[in-house]
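Reader: I would like to learn how to read helix packing and confidence in a model like this one. Could you walk me through it?

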Amino acid sequence: MTPSSASNTSAHALLKVFAANGIDRVFVVPGESYLGVLDALHDFPGIDVVTCRHEGGAGFMACADGKLTGRPGVAMVSRGPGAANAAIGVHAAQQDGVPMILLIGQVPARDLRKEAFQEIDYQKMYGAIAKWVHEVARPEDLAWAALKALRVATSGTPGPVVLVVPEDVQQAAVPQPDWAAVPASPTQPAPAALARLQALLSAARKPLIIAGGGFNAPGGREALRRLAERHGIPVAVSFRQHDLFPNTHALYAGDLDLATQAAQVAAFDSSDLILALGTRLGDITTQGYAFPGYPRPSQTLVHCHPDAHVVNQHFTADVGLVADPVATALALAELPVSEAAAARGDWAASLRAIRGRAAAWPSPVAEDGVPFVSVVRALAEQAPSDLMVCLDAGTFAAPVYRHFPFAAPQRLMASQSGAMGYGTPAAIASQLRFPSRKVVCLVGDGGFMMTGNEMIAAAERGLPVFFIVSNNNCYGSIRLHQARTYPGRYTGTSLASPDFTMIARAFGMRTERVTRADQVAGAVARGLASTAPCLVEVKTSLGAILPAGVGSEAGVDLLRRGD
């Protein structure tokens, strides 16, 4: 098929629908299988094209952008190898419950299902993790497929959609609709349900809110706080949702994470009413489906989520609400305040005290490097009020989850998928979306070697991202598990890391290296003050993250060698 030179191709129709629905940025690794779409992008100056160096980086950036905007983050990749590399972003979007569209160029339609060069059946490949996988058969279908992709990605539990576009359906002349998907009205709780909830709130002496990612929406944080304060209900946030509720608030009870302390869980379990709002009540939030009791909690359970598939999926709720959690919180905040609310101060204070003990800053001493908790503490003490913290996966991140006191408008950007390599792409996407805010990327030496090359976007565009690399020459998280489960048998976790400061300087960044604890505060201050991208490499302690008794000098030497 001869490419059209006019701006009325099917690729233009696709992008016109994207633009009409607020898509103003796409993350791409170019490929010959979607040249028609790349060409059409030339005619859409309102869509920022961010060229990435690996499809995994593009996928992570789209995932982060979707979380920040509530609109689908869009990644575009080529078929075969490109699509395979991008799979990690699709998985992250599914785990995080954020809207994303992955557009994949495909072999020509005439060659489909002939095992052509780089051909993959993407329904089979992505069917288990994407909300919808669609291969466009005709040029005139591309616009409506784009519109449906936008709707599916943002409805119910938001998530990833995979749009597969054969290269010979991208450049035919077709009508150019400007369809806009009208957002569905937030589902309100029924009057009968509200009456039931009012009775439950009136009777509850020790209620607890478990707040999930459904509050990561316009007005969501404000609605959650209004509800909690109105009825005096403590708030625990679900897995890696620390920034939903001010951690300094008297009603903040802590988080339900990978390392929630037993005393906290026991205290939560003594509640008599759980309002699980906007959370899927997944395995980590529920501590391995142990809190609340599985499948029938001992407490009265109210579970509110906009997706009918989620409500009652694991836990039998006394009140199951397939409703918008923000709208539900606002409705609950309008209910009359019962006499019981005034008596909840002691309950909230007891949870706050347990949280305070768990979150108290430690004073670690290490001989094999800088304990990374000292870096996190310096960052918390100097953090601007609108700081955005982008976390990769690894043990270096644990002090952030336990100790960093997030308060709006500060943001935590961390993937629930636990994928290494998320930090750098998330920082790029965050700084692009909020150019006036300070973005810091915390990443380990292992994760940085996976997607750290994406920091070239910060250098190219002058994005003042502050990269902090924790270098302990080890896959620390896995070494920790080895030390606990197979002590003295350490295979595959030692790393030979490069000089990260030299790499960053080659990218045109200002750098410095921290090797002593007394250098931390100054390095953090300079990084936060920088108006250009910069990187600090911290030679961090391996012993500080290992089980007690393993972190001796001799033990750490043994651990480093992997003997």
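**Reading two helix pairs**

Author: Happy to! Let us begin with α3 and α16, whose crossing is right-handed. A crossing is right-handed if the near helix is turned clockwise from the far one by less than a right angle, and left-handed if anticlockwise. This is a predicted model, in which local features need pLDDT of at least 70, side-chain atom pairs count only at pLDDT 80 or more, and totals for chains, interfaces and linings use all residues. Residues are numbered from 1 along each chain as its sequence is written, and side-chain values use heavy atoms, with hydrogens and water left out.

Reader: Which residues of α3 and α16 make the contact?

Author: Contact means heavy atoms within 4.5 Å. From α3 come G57, F60, M61, A64, D65, L68 and T69, and from α16 come P425, A426, I428, A429, S430 and R433. By class, eight residues in this contact of α3 with α16 are nonpolar, three polar and two charged. Here Ala, Val, Leu, Ile, Met, Phe, Trp, Tyr, Cys and Pro count as nonpolar, Asp, Glu, Lys and Arg as charged, and the others, Gly among them, as polar.

Reader: At what angle do helix α14 and helix α21 pack?

Author: Helices are DSSP runs (H or I, at least four residues), numbered from the N terminus. Axes are lines fitted to C-alpha atoms over the stretch in contact, and angles run from 0 to 180 degrees between N-to-C directions. Helix α14 (residues 372-382) and helix α21 (residues 520-529) pack at about 50°, and their axes are 9 Å apart. That makes α14 oblique to α21, since angles under 35 degrees count as roughly parallel, over 145 as roughly antiparallel, 65 to 115 as roughly perpendicular and the rest as oblique. The crossing of α14 past α21 is right-handed.

Reader: Which residues of α14 and α21 meet?

Author: In α14 they are S374, V375, A378, L379 and Q382, which meet V520, A521, V524, A525 and L528 in α21. This contact of α14 with α21 has eight nonpolar and two polar residues, with no charged ones.

Reader: What does the chain average in pLDDT?

Author: pLDDT is the predictor's confidence in each residue, from 0 to 100. The chain averages 93, and 96% of the residues score at least 70. Over residues 552-563, however, pLDDT stays under 50. Where pLDDT is low, the predicted coordinates should not be read in detail.
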